[in-house]
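Subject: Structure handover

Hi,

Here is the structure I promised to pass on to you. Please have a look at it first, and then read my notes below.

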Amino acid sequence: MPSLELGLLLHARHLIRLGDVSYPIGELWNTANLAEAIGFDHLWLGDSPRLSLLNRAHADCLTLMAALAAKTSTIKIGTVPLIMALRNPVLLAHSLATLDVIAGGRTMIGVSAGPQYQYAEREFAACGVPYTERAGRLDESIRLMRRLWTESAFPFTGKYFQFEELGIEPKPIQRPIPIWIAAGDNDNALRRAARLGDGWFTVARAAEQFVARRQKIDDYTKEYGRAGLVTPSALFATFHLRTSGGRAQEEGWNLAERYFSQPRSKLGHLSPFFGTPEECAQKLRPYIDGGLTAIVARFIAPDAHAQMRLFMEELRPRLALRSG
């Protein structure tokens, strides 16, 4: 069984501050450098087109990925869930190819058709994309971008995009760049992961949910003649770790409510791991037994660096015993 890979979500929401011109960008570089130094395998950013009407706005993910590529040396760099349908796939393929060259072949992306949150339709309309076309555009964009990354030039006639013969330069170092599909319990999204994904990205509050979805993807890959090609599976999980038990659960939920500006009754989409390293390891082991190959950790405590060290020094060894 391959070793479990560990990723870190970098918070970029705090770079959006009304009327504040002193953005704490240095914190982002410090966290990225620490993650690389203590052994994280990947860095991840959230996507950027988020309306300022919501407490969801992020700094632009592609711009930050390019900066992170220059600030780091070995750690992989990704964004999830990249809302690919909001963007022109030729321009996006060109940007990501250039970014992969800058990063020395360290880029990866997790994509989805678009979360169904408040104002999503308004966001798509502002970008000139019909909201009802988001899934079809995503599928066509994935196929188109892979061709742009691997073929010198070609004409294209699709449902949403058409052009005469052309290609992009530079080509990425990775040919093609890995595309993971973000999918929860939506059957169409799970089929997309099986049909088009290099890997699968998910949230799952219970191991049973994860295992059932993993089995569905495995079954669908056989239908599409892709058995064994979508093995990588990443869990996007929220952590609050303490060396002693008792208060971690309540503290974790209080921090989550503050971070998302929502009561815990509305945070059912989280994969929460609040507790001691051993408690979290015990909860994660059934996921690993069910096919989990990577964890992307979101830390919601204000002492993020201390949480990162606790994660790598105390939790990782307990998981390595299982995954190795």
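**Aromatic pairs**

There are 16 aromatic pairs in the structure. Rings of Phe, Tyr and Trp (its six-membered ring) are paired here if their centres lie within 6.5 Å, with planes under 30 degrees apart called stacked, over 60 edge-to-face and the rest tilted. Before you go further, please note that this is a predicted model: local features need pLDDT of at least 70, side-chain atom pairs count only at pLDDT 80 or more, and totals for chains, interfaces and linings use all residues. Residues are numbered from 1 along each chain as its sequence is written, and side-chain values use heavy atoms, with hydrogens and water left out.

One of the pairs is Phe210 with Tyr287, which is tilted, at 5.8 Å centre to centre and 50° between the planes. Because Phe210 sits in helix α7 (residues 207-223) and Tyr287 in helix α9 (residues 277-289), this pair ties together parts that are 77 residues apart in sequence. Helices (H or I, at least four residues) and strands (E, at least two) are DSSP runs, numbered from the N terminus. Phe210 counts as buried at 0% relative accessibility, and Tyr287 does too at 1%; buried means under 20% relative accessible area, exposed over 50% and partly exposed in between (1.4 Å probe, protein chains only).

Phe299 and Phe311 make an edge-to-face pair, with 5.5 Å centre to centre and 80° between the planes. Phe299 belongs to strand β11 (residues 294-299) and Phe311 to helix α10 (residues 304-323), so parts twelve residues apart in sequence are tied together. Both Phe299 and Phe311 are buried. These residues also belong to one aromatic cluster, formed by Phe40, Trp200, Phe210, Phe239, Phe273, Tyr287, Phe299 and Phe311.

**A hairpin**

A hairpin of four residues joins β5 to β6. Strand β6 (residues 162-166) pairs with β5 in the antiparallel sense over three bridges, where pairing takes at least two DSSP bridges between the strands. Phe163 in β6 is the bridge partner of Phe156.

**Cysteines**

How many disulfides are there? The count is zero, with a disulfide taken as a pair of cysteine sulfur atoms within 2.5 Å. For Cys127, the nearest cysteine sulfur is that of Cys61, 12 Å away. Cys127 counts as partly exposed at 39% relative accessibility, whereas Cys280 is buried, with a relative accessible area of 2%.

Best wishes
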